[in-house]
Amino acid sequence: MADDEMDFSTNEQQKECSSNTNVAESDQEEKMDENLDDSDDSSDSEEAESAEVTALRQFLESSPFHYESHLKLIQALRDIGDLDKTRQARETMSKMFPLTAELWLEWIQDEMPLACITEQKAYIRDLFEKAVKDYQSVKLWTEYCQYVLDNMEGEDGLKDARDVFERAITSVGLHLTEGVSVWDGYREFEMTLYDSYQTMAEGSDSPQVQQKLEQQKDVVKTIFRREISVPLIGMQAVFREYEEWLGDEKMLEYVTRGFARAETKLEDCLPYEEALTSASSPRLEEYRSYIAYEMKENDLARVQCLYERAMVENCLNSEFWMEYTNYMDTKLNIADVVLPVHERAVRNCTWVVALWCNYMKAMERTARGHEKVQEIFERGLSAVLSNPNDSVSLWCCFLEYLRRRVEDWKQESKEREELMKAFGDATEYLDTNYGKNADTQALIIRYKAYIEATKLDNVTGAKKIWDSVMSSHTREAEFWLEYIRLLRQVNDSNGCRKVFIRAIQTSNDNPELLCELYLKFEKEEGSLSDLDTAVTKCSARLKRALEQKTREYEKAESARLAEEEANAKKEQHKAQKRAQKKAEIKSKMEKTKRKHEKDDERDKEGGEPEPKRPFVSTEEQSTKSKEQDVKETSTEKIHDRSKDPQTVFVSNLLFTVDEEQLKSTFSPLGEIEEIRLVKNLQGTSRGYAYVQFKNESSVSAALAIDRQELRGRPMYVSRCVDKTRNPTTFKFPTTLDKCTVFVTNLPFEIKSADIEDVFKVHGKVKEVRLVTNRSGKSKGYAYIEYEDE
């Protein structure tokens, strides 16, 4: 009976799809005539859009990894309405980058109206499968499960739906805040099946139907038990629903204990979830703290779930990907779990060579085969092509992998041949793409020399390689020491002695260490004659090294003394300048004093004395002249205090505002007798003025435009009050204002109306006072006054 119902629903869907297609075709025919008239008008816009698409395609050909250009191209093609080219652009982008859940859902929603036949539905399934591999998104899995349910057919459809739900639970079922939606969908699906079986059982006595009913009941119980054993937001409601569903049946004790443990775990996790909620993206430190807690709990599945949640916001953080992949490599060795993480890591951070190396090691660790490792290596080379050092690192990692594949070095084998051929390929690749000196540290050929000497017993070949290396690194002790260690490892004492002699003669950076090791070598391996020779050579070399260090010290000391002498001369020159300046000032003062003395003597010798001019400094003269100017200016216009009741004081004005602009602003409010714009000595406005009206009634109208903007700046309008007669008596209230709420930490761009919209749900708002600075910009806090408590 269930199969018949399923077939019926399938036929209905096909009929509906067919009818929708016919309706769409008829609508399309009806609109063709209408579109003919508009074709000329739209042709210009289509040409412009196609020009934009062409430009984006050309740019992406030269810069295929430009993420934003891919998005612009897809949007431009969507605007045109070319679904085929849009699909092609999306597929190209998905091969290069992991797409976000929003991009995948947009793609799938565009394709769904066309999915009427089996092939098209399979294409939608394929899109969902690719989408859930890019990021672990609860929304994607929910849509995927719903799509499977909508297209379910027969028993195979039931099995397929359950498989998808189980995969969704495994992927995002531990998401503490959002995972409950997947669990609820799965449970409701199984409960709907149980209700259908129950309806069938009521009208049938068939034992098979009764058996199916009991089996489905057990399935529903199992899902309930699994869900309430996982710490999730809303799990208490699910527990109560389970109790109601069981009815008179008693809940098992182990289920109750599991729910209690999950509830305790939920309480422990809530502080971390609250920290994530209050933080702003990318919330890296909050996620790390949360992950560290779960690591202490040793819950691998929950740690992975947290890493996946964090990666949605930190997908370009290569260090975080390294942490995640290293954790998966050390804790798990399951290919189906570990390798997808590595794949997404290199797709997000294609330029990080360490991630490619780790990916190759993970492939080897999970025994995925040589072809797979080779494929990852080649992809990595293409990704890091712009950096020669990264290419060298990737080649070294690949050569190490090839070396580990060789099991028997004594016998000729395919693996050994591939390794030795790879050394040649690496050198050729680097020379072709970067030139002869791409491998500045000679890492690849040094590794080849090691293989020749230790694995293939070709010491002569290894020496030739090292001699070619040392031709470019003669003065570096690090290279000499590695050469020597290799020769000692293969017991080539004579060769080692020769290299020691060359090293102490040519190395500059650490001759003392080389001499020490040379002497130690001869004491362990050489004859007395060899030791005497080593002592002689080392003594001469150390003497030269000491002389060289002495010269360098003397040179540095001379430079230091010369610098100190130059600094001393600079200080002496500055002191002389200061003394000369003081002498000049003293000389001027003496000259002025003598002049006044001569004037006094002349007055005594003459008849009637002239008025004596006191000696004052230049600064005093300037101060007195300014005071005199202020007095003269203040006498120009004297403020009549009797006119205060019909005068307003206007402040916070721009310095460029003049009397005419004030007049045009205040004249509509009443007849103006006088406008006094206060200015400084240079005649520039000081930012405030007095506006005197003819009638006192005009003052109230002027006060009403307080804080109105004048040329983009709010002006402050207040009554003109003589503060000497009427001092300010304002005091802050000390009693509690029960009708006013103080709100802080507001966005600076918020408006009073926005604040009122938020707070009016709690009562009738009488007034919102948004505190602003002098320029009218919000300070980030406000007062909300309600009409009643």
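**Strands, helices and side-chain pairs**

Mentor: Let us begin with a pair of strands: β8 and strand β9 (residues 778–786) run antiparallel and are joined by 6 bridges. This is a predicted model, in which local features need pLDDT of at least 70 and side-chain atom pairs count only at pLDDT 80 or more, while totals for chains, interfaces and linings use all residues. Residues are numbered from 1 along each chain as its sequence is written, and side-chain values use heavy atoms, with hydrogens and water left out.

Trainee: Which residue in β9 is the bridge partner of V765?

Mentor: Strands here are DSSP runs of E with at least two residues, helices are runs of H or I with at least four, and both are numbered from the N terminus. Two strands count as paired if DSSP finds at least two bridges between them. For V765, the bridge partner in β9 is Y786.

Trainee: In what order do the 3 strands of the open sheet lie?

Mentor: The edge strands, each pairing on one side only, are β7 (740–743) and β8 (765–772). The pairing in this open sheet is antiparallel, and the order of its 3 strands is β7-β9-β8.

Trainee: At about what angle to β8 does helix α29 run?

Mentor: Axes are lines fitted to C-alpha atoms, for helices over the stretch in contact (heavy atoms within 4.5 Å), and angles run from 0 to 180 degrees between N-to-C directions. Helix α29 (residues 752–759) lies across β7, β8 and β9, and its angle to β8 is about 135°.

Trainee: Is N745 buried or exposed?

Mentor: N745 is placed in the loop between β7 and α29, and its phi is near 65°, a positive value in a residue other than glycine. Buried means under 20% relative accessible area, exposed over 50%, and partly exposed in between, with a 1.4 Å probe and protein chains only. Because the relative accessible area of N745 is 72%, this residue is exposed.

Trainee: What relative accessibility does D457 have?

Mentor: D457 lies in the loop between α20 (443–454) and α21 (459–470), and its phi is near 55°, again a positive value in a residue other than glycine. D457 counts as exposed, with a relative accessibility of 51%.

Trainee: With which residue does E308 form a salt bridge?

Mentor: A salt bridge is a side-chain nitrogen of Lys or Arg within 4 Å of a carboxyl oxygen of Asp or Glu. In the pair formed by E308, the closest N and O atoms are 2.3 Å apart, and the partner is R344. Since E308 lies in helix α13 and R344 in helix α15, the pair ties together parts that are 36 residues apart in sequence. Both residues are buried, E308 and its partner R344.

Trainee: Which residues are linked with R90 in a network of salt bridges?

Mentor: R90 forms a salt bridge with E106, the closest N and O atoms being 3.3 Å apart. This pair links distant parts of the chain, with R90 in helix α3 (residues 83–96) and E106 in helix α4 (residues 101–111). R90 counts as buried because its relative accessibility is 3%, whereas E106, at 26%, counts as partly exposed. The residues linked with R90 in the network are R78, E106 and D110.

Trainee: Which peptide bond is cis, with omega near 15°?

Mentor: P282 is found in the loop between α11 and α12. The cis bond is the one from S281 to P282.

Trainee: What share of the 789 residues in the protein is buried?

Mentor: The secondary structure of the protein comes to 29 helices and 9 strands. Of the 789 residues, the share that is buried is 34%.
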